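Let's take a walk through this protein model, starting with the whole chain and then moving in on a few of its parts. Have the viewer open as you read.

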Amino acid sequence: MQHKETKKRRFIIPIITMSLNHIQLNSSLVTSLYRNSLIETDNVIAKNEKKPADTANERDEIKKNDSLTSNQVITLSAEIKSAEWKYLGDYKKNCLLIVHYDDITYLPDKQLNFLTSILGACKLSLADVAILNLSNAPSSSHKSLSEKFRPKATILFGISPAEFEMPVNFPEFQVQPFNQCTFLHTPSLEKLESDKILKSKLWVCLRKIFDV
């Protein structure tokens, strides 16, 4: 009896050893065991992997293209600043006068004469200011005009601070310092010319801005 049990144990041990070292799994079992594993085919690897030399060359090319693009942007920006900003006056005293008239380069003759008389009362002339028609400007934002003109005084005729895309709001006939510039917004030149009270309000503000 003992001899049979011993023989049986000797027979079981080799079977266990063989089953651990030489186990074979069918395809269905392998799939179920490794369903969460990440497997890359040769095509995927070939697509994602690059040789170091090729990668370096591509980086140099990208940097070159990026540099050219940046230079082109800078050039175009400079052309816009120098060519497309059309204004009337010599702008010797950094005073920017902004109007809005459609289908006209600057402003009508009647309003120009009225504005010239206002400047004369302030001991200024067209040589001292720049009259910009916002409808013909490349940009209508306060930021763009500030970068282009860097004015000391800006007067908006018939244009609100919101329409000028300013981050601050203030009422008509209020002298408003902002960003190293003095701002004023008033009714349109047509309304100012036809209303004595509005003209007197404008004169009070201009005396304060230009110290006259």
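**From the whole chain to its helices**

Of the contacts in the protein chain with a separation of 6 or more, 69% are between residues 24 or more positions apart, where contact means heavy atoms within 4.5 Å. Some ground rules: this is a predicted model, where local features need pLDDT of at least 70, side-chain atom pairs count only at pLDDT 80 or more, and totals for chains, interfaces and linings use all residues. Residues are numbered from 1 along each chain as its sequence is written, and side-chain values use heavy atoms, with hydrogens and water left out.

The protein chain has eight helices and five strands, in the order α-α-α-α-β-α-β-α-β-β-β-α-α from the N terminus. Both kinds of element are DSSP runs numbered from the N terminus: helices are H or I with at least four residues, strands are E with at least two. Of the 212 residues, 27% count as buried. Here buried means under 20% relative accessible area, exposed means over 50%, and partly exposed is in between, using a 1.4 Å probe and protein chains only. The chain exposes about 15200 Å², with carbon and sulfur atoms supplying 53% of that; the areas come from the Shrake-Rupley method with a 1.4 Å probe.

Now for the inside. In soluble globular proteins, nonpolar side chains tend to be buried together. The largest nonpolar core in this model has 27 residues, and L97, L107, I131, F157, L189 and L192 have the most contacts inside it. (A nonpolar core is a set of buried Ala, Val, Leu, Ile, Met, Phe, Trp, Tyr and Cys residues joined through side-chain atoms within 4.5 Å.) At least two of its residues come from each of β1 (95-99), α5 (109-121), β2 (129-133), β3 (153-157), α7 (189-194) and α8 (196-210). Apart from this core lies another, of 17 residues, including L96, A130, A137 and M166.

Zoom in on I131: leaving out residues up to four places away in sequence, I131 touches Y87, L88, L97, V99, Y106, L107, L112, L115 and L126. T186, in strand β5, is buried with a relative accessible area of 1%. Beyond its neighbours within four places, T186 is in contact with residues including F157, L192 and L202.

Next, helix α6 (residues 142-149), where H142, L145, S146 and F149 are buried. They cover an arc of only 100 degrees around the axis, which puts them on the same side of α6; the arc is that of the directions from the helix axis to the C-beta atoms. The buried residues of α6 pack against β1, β2, β4 (176-178) and β5 (181-186). Just after α6, R150 takes a positive phi of about 50 degrees.

How do the residues of α8 divide between buried and exposed? L198, L202, C205, L206 and I209 are buried, and their arc of only 105 degrees around the axis puts them on the same side of α8. An α-helix has 3.6 residues a turn, so residues three or four places apart point the same way. On the other side of α8, K196, I197, V204 and K208 are exposed. The buried residues of α8 pack against α5, β3, β5 and α7. At the N-terminal end, D195 caps α8, with a side-chain oxygen 2.9 Å from the backbone nitrogen of I197. Just after α8, D211 takes a positive phi of about 55 degrees.

Definitions and conventions
A polar contact is a pair of N or O atoms within 3.5 Å; within protein, one must be able to donate a hydrogen and the other to accept it, and residues adjacent in sequence count only if both atoms are side-chain atoms.
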